Amino acid sequence: MIPEIGHFALILALGLATLQTLLPMYGIWRSRADCLAVAAPAAIGQFVMMGIAFVALGFAFYANDFSVAYVAANSNTQLPWFYRLSAIWGAHEGSLLLWMMLLAGWSLAVALASRTLPRDVASCVLAVMGAVSVGFLLFTLFTSNPFERQFPAPMEGRDLNPLLQDPGLVVHPPMLYMGYVGFAVAFAFAITALITGRVDSAWTRWTRPWTTAAWMFLTIGVTLGSWWAYKELGWGGWWFWDPVENASFMPWLVGTALIHSLAVTEKRGIFKSWTVLLAITAFALSLLGTFLVRSGVLISVHAFATDPTRGIYILTFFAVVVGGSLLLYALRAAQFEAGREPVAALSREGLLLLNNIFLVVAAAGVLLGTLYPILADSLGMGRISVGPPYFNKVFIPLTAPLVVLIGAAAVMAWKRTRADVLRSRLWLPLIISIVAGVALPLFTVGTTAVAAVAGCVLGCWAIVTAFEDIVRRSRGRRVMLPRNVVGMAIAHAGVGIFVIGISLVSGFGGEHDVRLAPGQSTEMVGYEFTFVGTRHVDGPNFVAEIGDFIVREDGRQIAELYPSKRRYNAGGQSMTEAGIDVGVTRDLYVSLGEPLSGDAWSVRIYHRPFVRWIWAGGFISALGGLIALTDKRYRRRRATADKPVATDRGLTTATA
Amino acid sequence: MRWRLVLPILIVFALIVLLGYGLTRRPDILPSAFIDKPAPAFDLPTLASDQERITVDDLKGRVTLVNVWASWCVACRAEHELITAVSRRTGVPVVGLNYKDTEANAKRWLGRYGNPFAVVAFDPTGATGIDWGVSAVPETFVVDAEGIIRYKVVGPITREEMNASLIPKLEQLKAKGS
């Protein structure tokens, strides 16, 4: 019964989403206020229906209702309850449901916040989001219904993929999807701008917080994904340039570019059509990611069960949404290009233009590498996967200049900055960065390798300049700095921390594979690892051999590590859980290989300097986004909302 | 209409055509200039030790499967299980050709996923791969007892392909040889 309620709620959600799309569009076309007014209640109703469907599927998982085919395929009575619930998004159908649930959530947020927006803008935004919902609901109902029953119901489910039985998976997909779907809001604002013909400072002020929010979630999602890969894939690596990782990274790159170009559009009233294009692109890449993961055109460790009809549907949907938007763009964006004005190279907008170019080219490079197997195949060269050598070669030269730019970001003024001002403010941070950047690798991992030093200098540069800006601005101020300034500085410092992390972890980690019998020890970079033995443990849905390791430094015990090898009862798959001693300057990582003769095991030991900094940097950047979101400016618009929308003329004349 | 504004839609159109094409393709068997030709000569160290070497002559005497793989190749992870299955079912030994990889990464990969290979030739520069006409990783060659390449799969093998063509081909060659 409950699954049927869920199915029915999905159908009702489809009806409401259709209303949410068609009536407001008609209202805009005919200037009918009554039709415009439908958008917000329809969005709220759609959210309620999606919520019911989501809870229904959750209940089916909780109650082990194996007559639901999706539950039977992805759950098991032995699975702990929290993994049974996170199994909702463990495979294709349920993750689509999560996608739509979050989209409905964002629509709800827009509907509730829309009282401060002009009615036609709010309704148009909701209509566009409704259209996206309609597409996904049709897709779900026709090709991927999670509530499909199977009879006779199996006695036991097939279990959740063991790779996904990790606390990281409980939060990683929701965060990632919040980010993906969040760009739907920026996308809807962009389409609204094209329809209504208004890209003014009011438009950017509304679009910015939504974009920042989506970006923040995506940052957290990508960072968690990397962390999860490190822990669960057992390689000690943190990024694999896998097609699915790339699928989440491309919208992030373009979304980052969008945040920066929105700032220019708001402050200077330029780059308008470019900003609109970026908003469309960020969402298009989110959709493309959905296509790549689910269509089976590329092979990936993450790919969902593939089905060509799904691929065709998503591709068609992608063509309609993105093709339609870009057609609209081609027809209507010319109006945003009133008068060219030169952008000074030494100005904040000039810097942000450069930032945008690097980010977009980097995203294009990742896209090319990701699609290369298909491209090569279509040119008759066979399916070549390019792999990390390509990505590292293309990506690092494109992103290193970005970090250089970060340092100048705070110092540059809009319109024009004198070179001597730059020099007078940047020489001290530069010297500090060079000293710190040379000292850091030398005293921690003991290297003067050019790549590590260059990376650390860049990273320190981003951090030091961010601090310099905050310190200089707060000097002599009694009130708090604006939150968006603080947020920017923190996000930039996060990038610096991240850069230091990757510079020191790549190439300086020690690793080796050894055969260890109980009682034997091995030594690596000053740490002595003693293998005490293994013991057998029965988990809730697996049996495990848990190794017991003692790590000593200078004869003093500093950690006990328990790497394990699990064998899951339902599917019989083996999984490696690494034992990791976490530290600020290094991780010690022990993972069990295969049992060898006697009680000996093959054991892999890694020393990963500064690996935590990679994720710390990601989370700190996301925190910067959060702080920027709480800026007073975005809340103040409540008071001005009822005033007519300011025209753009004021801005353009001021800058002419 | 300015061309700059039309450019995005043209790019996306090209992308959609490309992806549509990608959908129609499964990693397929491509005809190869190498089929029915002797396997190109090579002389490489094995992954297990620097002293031992493996040459093209080691392929002769029985039917072998040569699988080109690399630890950085995601598709290789996907077909790994099937390579193991083919070898187990037919009893044909699999010679790995580790392509443009590092020794540490390759060993780690084998340690993690299991080693389906009778022996792995280590080709860090990719020179042998070029001689063998490797355009994509993974690639799988069927070499008969005379050292002639009889069949080739570009890209990861799929379960259907394994059952429908690869295993029958191996059985047929084995029967002919004995």
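This is a predicted model: local features need pLDDT of at least 70, side-chain atom pairs count only at pLDDT 80 or more; totals for chains, interfaces and linings use all residues.
Residues are numbered from 1 along each chain as its sequence is written, and chains are lettered from A and ligands numbered from 1 in the order in which they are written.

Let me begin with chain B as a whole. Chain B holds five helices and seven strands, where helices (H or I, at least four residues) and strands (E, at least two) are DSSP runs numbered from the N terminus. Read from the N terminus, these elements follow the order α-β-β-β-α-β-α-β-α-β-β-α. The C-alpha trace of chain B spans about 70 × 35 × 30 Å along its principal axes. Of the 178 residues in chain B, 43% are buried; a residue is called buried if 20 or more other C-beta atoms lie within 10 Å of its own, exposed if 12 or fewer, and partly exposed in between, with C-beta atoms placed from the backbone. If we take the contacts in chain B between residues at least 6 apart in sequence, 74% of them join residues at least 24 apart, a contact being two residues whose C-beta atoms, placed from the backbone, lie within 7 Å.

Now to the sheet that holds our opening pair. Five strands of chain B make an open sheet, ordered S5-S4-S3-S6-S7, and the pairing is mixed; two strands pair if DSSP finds at least two bridges between them. Strand S5 (119-123) and strand S7 (149-154) of chain B each have a single partner strand and stand at the edges, so one side of each is left without a neighbour in the sheet. On average, neighbouring strands of this sheet are turned by 20° against each other, direction ignored, with axes being lines fitted to C-alpha atoms, for helices over the stretch in contact, and angles running from 0 to 180 degrees between N-to-C directions.

S3(B) and S4(B) pair in the parallel sense, over five bridges, whereas S3 of chain B and strand S6 (residues 139-143) of chain B run antiparallel and are joined by five bridges. Within the S6(B) pairing, B:Thr64 stands opposite B:Val143, and B:Val66 stands opposite B:Phe141. Is S3(B) largely enclosed or left open? Six of the six residues of S3(B) are buried, so this strand is largely enclosed by the rest of the structure. On one side the buried residues are B:Thr64, B:Val66 and B:Val68, and on the other they are B:Leu65, B:Asn67 and B:Trp69.

Two helices come next. Helix H2 (residues 74-90) of chain B lies across S3 and strand S4 (94-99) of chain B, and runs at about 170° to S3(B). In helix H3 (residues 103-113) of chain B, the buried residues are B:Ala106, B:Lys107, B:Arg108, B:Trp109 and B:Leu110. These buried residues pack against S4 of chain B, and also against strand S1 (510-516) and strand S10 (601-609) of chain A. After H3(B) comes B:Gly114, whose phi is positive, near 100°.

Leaving aside neighbours within four places in sequence, A:Leu103 is in contact with several residues, among them A:Met129, A:Phe136 and A:Ala184.

I will finish with one residue of chain A. A:Trp227 sits in helix H9 (residues 201-232) of chain A and, with 20 C-beta neighbours inside 10 Å, counts as buried. Not counting residues up to four places away in sequence, A:Trp227 touches A:Gly168 and A:Trp615.
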